[in-house]
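Hi,

Here is the structure I promised to pass on.

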Amino acid sequence: MPGLPHLSTDQVAAFVELARQGQIRSTASVLGITEQGVRNRLLTLEAQLGVELYRKSRGPRRSAVLTDQGRRFLPHALA
């Protein structure tokens with residue numbers, strides 16, 4: 001993704017951990033912050049990038065699935 005804006009390491013870390021965990025709740029637990037804190041970081045990151053990075057699915061497991069843009073951004077986030 002050329003021309004990436006300056007991104008907070010906290011925001012990128014939340015996104016990477018969400019990709020690993022697949023759930024907001026477990027991401028929050030690993031990072032030691034609230035679920036709302038994770039959501040806020042992800043919303044800000046999405047706003048800065050201008051894309052939707054993940055979709056939250058409802059149901060018993062309430063998982064978060066990366067979008068195509070999220071999957072394309074993940075290697076950059078890991079770097």
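To start with, which residues are buried in helix 2 (residues 24–31)? They are I24, S26, T27 and A28, where buried means under 20% relative accessible area, exposed means over 50% and partly exposed lies in between (1.4 Å probe, protein chains only). Helices (H or I, at least four residues) and strands (E, at least two) are DSSP runs, numbered from the N terminus.

A word on the basis before going on. This is a predicted model, in which local features need pLDDT of at least 70 and side-chain atom pairs count only at pLDDT 80 or more, while totals for chains, interfaces and linings use all residues. Residues are numbered from 1 along each chain as its sequence is written, and side-chain values use heavy atoms, with hydrogens and water left out.

Back to helix 2. The cover over its buried residues includes helix 1, helix 3 and strand 1 (54–56). T27 sits in this helix and has a relative accessible area of 0%, so it counts as buried. Setting aside neighbours within four places in sequence, T27 is in contact (heavy atoms within 4.5 Å) with A14, E17, L18, Q21 and V38. After helix 2 comes G32, which has a positive phi near 70°.

Next, the helix packing. Helix 1 (residues 9–21) and helix 3 (residues 35–49) have axes that come within 9 Å and cross at roughly 105°. Axes here are lines fitted to C-alpha atoms, for helices over the stretch in contact, and angles run from 0 to 180 degrees between N-to-C directions. Helix 1 is therefore roughly perpendicular to helix 3; the classes are under 35 degrees for roughly parallel, over 145 for roughly antiparallel, 65 to 115 for roughly perpendicular, and oblique for the rest. On the helix 1 side the contact is made by D10, Q11, V12, A14, F15 and L18, and on the helix 3 side by R41, L42, T44, L45 and Q48. These residues divide into six nonpolar, three polar and two charged. In that count Ala, Val, Leu, Ile, Met, Phe, Trp, Tyr, Cys and Pro are nonpolar, Asp, Glu, Lys and Arg are charged, and the others, Gly among them, are polar.

Finally, the charges. There are five salt bridges in the whole structure, each a side-chain nitrogen of Lys or Arg within 4 Å of a carboxyl oxygen of Asp or Glu. In one of them, R20 joins E17, with the closest N and O atoms 3.4 Å apart. The two are three residues apart in helix 1, which means about one helical turn. R20 is exposed at 58% relative accessibility, whereas E17 is buried at 10%. E35 and R39 also form a salt bridge (3.4 Å, N to O), and R25, E35 and R39 are linked in a network of salt bridges. Another bridge joins E52 and R55 (3.2 Å, N to O).

Best wishes
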